[in-house]
Each structure stands twice: as structure tokens, then as C-alpha cells.
Amino acid sequence: MQDQIDGKTRITYGLGNASSGIKESAFSVFLIFYYTQVVGISASLAGFAVFCSLVVDAISDPLIGHWSDRLRSRWGRRHPFMYASIVPLALSFYFLFNPPEGIDSQFGFAWLLVFAVSVRLWISFYLIPSTAMIAEMTSNYHERTKLVSLRGLFAWGGGIGMSFMAYSFLFTATDAYPDGRLNPTAYETYGFIGALALVISITISSIGTHHLIPFLDKRIPKDQKSLGFFTEFHSIFKTSAFRILFFAMLIGSVTNGVLDTLRLFINTYFWGFTSSQLSILLIGTVGGVVVAFAGIKFFSARIEKKPLAIIFMTITVISYTLPILLRLIGWMPENGTNALLVLIILATAASAIGGFGAAALGASMLADVVDIHHLHSGSRLEGMHFSSFTFSAKATTGIGGFVAGIALDVIQFPTKAEPGTVSEATIFALGGMNALIIGVTLGISLLILFRYPIDKKQHSDVVNLLNLKKQPPL
């Protein structure tokens, strides 16, 4: 374990997390919109398929983490999984957006279910071992924040890049499809480009961190050999700091899932933006991520992780809900005006700042929890701990997508709806439902996070005690 990580290793390590952004952008923004408005299955059925894939994750993610913690090979514990994920993940992603033409609703549901499960499974083979490396690469309190911030930057960059490419070059108007967001061919190309980007990001990251293998922890403590999967899974939940962080991240991720799933519906039907305007809207996201990435280094050196995370989450709540609430009471500019576009760009930037900062600090705090668990139990279970983090992140599209799908059917939002054809009452219900769900769930997540107990001094004491345990007796 090293105190500081060199810049090249940070970049190659972070680049692999672009795969998370690519996958999350596809699942959160485009997947349910595509299967409801293009393929033609109901929103609740599409949401249920995505939810079922999350149920599989709930079983597979901890198993992958457990397997990764215990694997012994000449390539260490983590890299064999990372390399194995590349090809099947790319193929699964491609076929997810390339179903056979003319499929009915039942076949469409089955196709979505099979390949959503496959994408989630193989992204777990990369993300869980890769993310678990954070706690092994360095014990430095602030270095961990730098690492997860850079990974977050690449994750957002991957998602934003795919969205910009789709809005600017794929979803353009044609004679057959005046609104390119309803063009099936555009999604076929999107699937191919996404698969290629996944291969590139994971391959470069895996090869670029291969030299770390000799320095990563490969030992199984003597008292850990008798532990089985369920014992280890139970042991990490016995740590109160882990339980608090897990449920705060889980609820926050579900909230983001609802938001991201409904974002394209909100932007298309509620705000009335065109595809070209949506690509301009990404300026706010890019600006927000850059500001958050630069600011988190400055503020994390001066403010404890928990209060800083609470600040970021509060920014998220306000920026998500305020514009919609103002529109519902008639205090926002009319659709189609430049003033509206500018205001939503600013709100998007604020939400990106909050989302990026909260996610980065959550991962850094989880790495600290691993050390607490190690001190109390004698076991280092990075894979098990970080499988919970990847699971909560994927709840974004699983539970969040399921909730959003049900909500769309509750308000009877139509499938294959051309912009401008949806009733004002339905659009009003879409905005109100979105603001209500996000405000309530993020508020609950904030209340849970207030109970997180670890600060810099406590973590420093834990690291010192762990170092004393490693020293041979005199």
C-alpha cells in the first residue's frame, strides 16, 4: 500500500470508471425511453425488467466481491476479473440496443431483461474489483478522495460524452423521423459506439494498473480463512458506519435513478427542448463536474467529509426540485425561450456539482470504513464492502427505473408520444411527481447521513493502530 499515487496511475485507474458512466447514462437516460417510445412496451414493464436485473445484482455483486477478496493468482485478486469482463460486457451492451425488428411487447420485455442482466453482471466483474483497489492502493485520508474524485470525473465524462454524441450526431431529424429521439437506427449506432467505448476504457485501465499487482494486498489473515460468504457479508453490516453509509448511498442512488430515467421525459415534454438544445444543456453538466472536481480538492482539505457531503446533497435537492416547482406555479420563462434554456443550464450545473461531490465523498468514506472493519474484525474485505457501493450505484437504474416506470403509468403517460401531443395535465403531473419523489427521498438520505460517525482524527487513529499490528514484536 502506497501513501501517494503517481499521476499516470491515477489517470489510467480513473479512466476505467468511464465504463460506469457509459453504462449508467445508457440505463438511466436512454434505456426506458427507448423501450417505451421506440420499441413500444409499457413503462412499468420496462421498469420491471430493469428492476429484475437489479435483483440479480443483489445476489451476484456480493458474490463477486467475496470471490475477488479470496482469489489468488499471478495477476493478483482484482485484475483477472477486470480482464474477463471486457468482451462479454461489450457484446451485451451492443445487443441491448439492437433487438430484432418488429418484436412484440413480451419478446421486447424478455430481450430487455436478458441483456440488462448481462450488462449489469459483466460491469460488476470490472467495477467491484476495480473499486475495491482504492482501499488497497493507499491509506491516505485525502489521497483516497483524490482517487475517487478522478474516477468520478471519468464516470461523468463517459456519460456526458455518450449523451452529447447521441444528441448532437445520432438523434438528428430525418424525413422518416422528424424527432430523431424516436429513430430506431440511431439507437443501433449508439449501442455499437457504447460497446467500443467500454472496451477501450476498461482495457486501458486494466493494463495501466497492472504494475500495481505486486503492491496490492494478497494476504488472507489466519483468522479469516474459516469465514464463509454469509459470515463475511454479515460482518460488514455489523459496523454501524457501514450501515449508515450504505443506506444513505442506496436511497440517494435510487433518487438519482428516478431523476435520470425521467430526465429525458422532463426535458422533451415538460421543458420542450429539442435534441440540439439537449446537447447545449450538457454545457451545464460539464461545467458543474469541472467545478466540483476542482472544488472538492480544496474543500475536502478544510472540511470533514460528512458535512461536505451533506452540503453537496443539499445543493442537489434544491437544484433538482426548485426549477420544476417554479414552473408549476408559473414563475419560469415560457418553453422555447433562451431565458429558460439558460436557467436550466445553471440548474443542471448545480445538480452536477452536488451529485459529483456527494458520490466522490461517499466512495472515499467507504474506503475509511474498510479500515474500521479491518481493525475490529482482523479481516480486509474490500471487495465485499465495495460491492455494496456498486450495488447502490446500480440501484440508480434498477429501483429508480422501476419506480419511474410505475410513476409514468400511474399518470398514464403515453407510449410513442410525439412532442407536443401530450396533454397539459399529464405534463403537469410529470413535473409534480418528479419534484415530489426527489425531494422526499433525498431528504431521507440526508437524515441518515447525519449519523455517520467517522472523521479525520478517528481514521488517523485507526490507521496508526493497524500499522502497529503489522509491526513484528521486539
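User: Take two rings of Phe, Tyr or Trp (its six-membered ring) as a pair if their centres lie within 6.5 Å. In this predicted model, which residues form one aromatic cluster with Phe30?
Analyst: By this rule there are 32 aromatic pairs. One aromatic cluster takes in Phe30 along with Tyr34, Tyr35, Phe93, Phe97, Tyr167, Phe171, Tyr187 and Tyr190.

User: Why is the pair of Phe30 and Tyr190 given its class, and which class is it?
Analyst: The two ring centres are 5.1 Å apart. Planes over 60 degrees apart count as edge-to-face. The planes here lie at 65°, so the pair is edge-to-face.

User: How many residues apart are Phe30 and Tyr190 in the chain?
Analyst: Phe30 and Tyr190 are both buried. Phe30 is in helix H2, while Tyr190 is in helix H8 (residues 184-208). The pair links distant parts of the chain, with a separation of 160 residues.

User: What is the class of the pair formed by Phe93 and Phe97?
Analyst: Phe93 and Phe97 are both buried. Their centres are 5.6 Å apart, with 50° between the planes. Stacked needs under 30 degrees and edge-to-face over 60, with the rest counted as tilted. The pair of Phe93 and Phe97 is therefore tilted.

User: On which residue is the kink in H2 centred?
Analyst: H2 spans residues 18-39, and its end C-alpha atoms are only 27 Å apart. A straight helix would reach 32 Å. H2 has a kink of about 50°, and the kink is centred on Phe30.

User: How many of the residues of H2 are buried?
Analyst: Buried means under 20% relative accessible area. H2 is mostly covered, and the buried count is 22 of 22.

User: Which residue follows H2, and what is its phi?
Analyst: The residue after H2 is Gly40. Tyr35 touches Gly40, among other residues. The phi of Gly40 is positive, near 105°.

User: Is Val148 buried or exposed?
Analyst: Val148 lies in helix H7 (residues 141-170). Val148 touches Ile134, Ala360, Ala363 and Ser364, leaving aside residues up to four places away in sequence. Its relative accessible area is 5%, so Val148 is buried.

User: How far apart in space are Val148 and Gly362, C-alpha to C-alpha?
Analyst: In sequence, 214 residues separate Val148 and Gly362. In space, the C-alpha distance is 9.0 Å.

User: Over which ring does the charged end of Arg302 sit?
Analyst: A charge counts as over a ring within 6 Å of the ring centre and within 35 degrees of the ring normal. Arg151 lies over the face of Tyr13, at 4.5 Å from the ring centre. Arg302 sits 3.8 Å from a ring centre, and that ring belongs to Phe298.

User: What is the phi of Gln412?
Analyst: Most residues other than glycine have a negative phi. Gln412 lies in the loop between helix H15 (399-410) and helix H16 (424-449), and it is exposed at 66% relative accessibility. Its phi is positive, about 60°.

User: What share of the residues of the protein chain counts as buried?
Analyst: The chain has 17 helices and 0 strands. Of its 474 residues, the buried share is 58%.

How values were computed
Residues are numbered from 1 along each chain as its sequence is written. This is a predicted model: local features need pLDDT of at least 70, side-chain atom pairs count only at pLDDT 80 or more; totals for chains, interfaces and linings use all residues. Side-chain values use heavy atoms; hydrogens and water are left out. Helices (H or I, at least four residues) and strands (E, at least two) are DSSP runs, numbered from the N terminus. The expected span of a helix is 1.5 Å times one less than its number of residues. The bend at a residue is the angle between axes fitted to the seven residues ending there and the seven starting there. Buried means under 20% relative accessible area, exposed over 50%, partly exposed in between (1.4 Å probe, protein chains only). Contact means heavy atoms within 4.5 Å.
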